[in-house]
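Take a look at the protein chain below. Keep it in view as you read this short report.

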Amino acid sequence: MATGQKAVAGTYGATTVTLSATTYKGAMSIALKSVPTAVITAGTTGVQTPQVTEGQAGAFIGTFTFIASAPGASITSIKISEKGSVNANLNLLNAKLFAQQEAVCSRAGATQIITVPPTPTFNASDEITFSGFSLPVDNVTQQCVFLDVNVGSAAGGGNKIEIEIFAAGDIAVANGSVSGVVIFPVQVLGDTNIRADQGTVI
């Protein structure tokens, strides 16, 4: 039978335990559990808006999704590439991202992601980078990110808009990383046809 007295309450210290005629001093050890690093998976949902018209303002194009393997991560930059026949550099203007955390992306209640600069533009390679923000991504409910643009009046009837995130490096993350399992580019299904007239958008 061993008898002894614990250290002062509320502290970690040595404890004296008597075993027969032998005195043993033991120390408490503490195992620290490591916190898993969040890995963000990029994806898409739904299809691109089938049709927009030249001169249309605030045209919704498509949706990207993001979910993490653990809480604590956030996205700080997203680069979107346009691969269709439209000249995005000259004809897709005032691009904005909106976000809403929801199980099924609906755009209901989505709020604009405030970026720096506030109105980034497509470059000569038809790429646009949104940065200067912090969008939290958790492991329970996905973040839905929506792209809206103004379609230029000379965008060209019959031209197509096709959006994608080309590579994992096009997503900057704080307190985490981007999944390497996902096959890039991540492309929203379908494309968006530009109508030359100002008729009804189907």
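## Contacts and overall make-up

Take the contacts (heavy atoms within 4.5 Å) between residues at least 6 apart in sequence: 77% of them join residues at least 24 apart. The chain has one helix and 17 strands. Both are DSSP runs, numbered from the N terminus: helices are H or I with at least four residues, strands are E with at least two.

This is a predicted model: local features need pLDDT of at least 70, side-chain atom pairs count only at pLDDT 80 or more, and totals for chains, interfaces and linings use all residues. Residues are numbered from 1 along each chain as its sequence is written, and side-chain values use heavy atoms, with hydrogens and water left out.

## Surface and interior

Of the 202 residues, 38% count as buried. Buried means under 20% relative accessible area, exposed means over 50%, and partly exposed lies in between (1.4 Å probe, protein chains only). The chain exposes about 10,800 Å². Carbon and sulfur atoms supply 56% of that area. Accessible areas come from the Shrake-Rupley method with a 1.4 Å probe; for residues, only the protein chains shown count as cover.

## Serine 77

Find strand β7, residues 73–82; serine 77 lies in it. Serine 77 counts as buried because its relative accessibility is 14%. Leaving out residues up to four places away in sequence, serine 77 touches Thr129, Phe130, Ser131, Phe133, Asp170, Ile171 and Ala172. A polar atom of the serine 77 side chain lies 3.3 Å from the backbone oxygen of phenylalanine 130.

## The disulfide

The structure holds one disulfide (a pair of cysteine sulfur atoms within 2.5 Å). It joins cysteine 105 to cysteine 144, with an S to S distance of 2.0 Å. The pair links distant parts of the chain, 39 residues apart. Cysteine 105 sits in the loop between β8 (92–101) and β9 (111–112), cysteine 144 in strand β11 (residues 143–151).

The torsion about the S-S bond is about -80°, so the disulfide is left-handed. Cysteine 144 has a relative accessible area of 0%, so cysteine 144 is buried.

## Backbone details

A cis peptide bond joins valine 116 and proline 117, with omega about 0°. Another cis peptide bond joins phenylalanine 184 and proline 185, with omega about 5°.

Aspartate 126 is not a glycine, yet has a positive phi of about 60°. Asparagine 175 is not a glycine either, and its phi is positive, about 60°. Which of them is buried, and which exposed? Aspartate 126 counts as buried at 13% relative accessibility, whereas asparagine 175 counts as exposed at 62%.

How values were computed. Polar contact = N/O pair within 3.5 Å; in protein donor to acceptor, adjacent residues only side chain to side chain.
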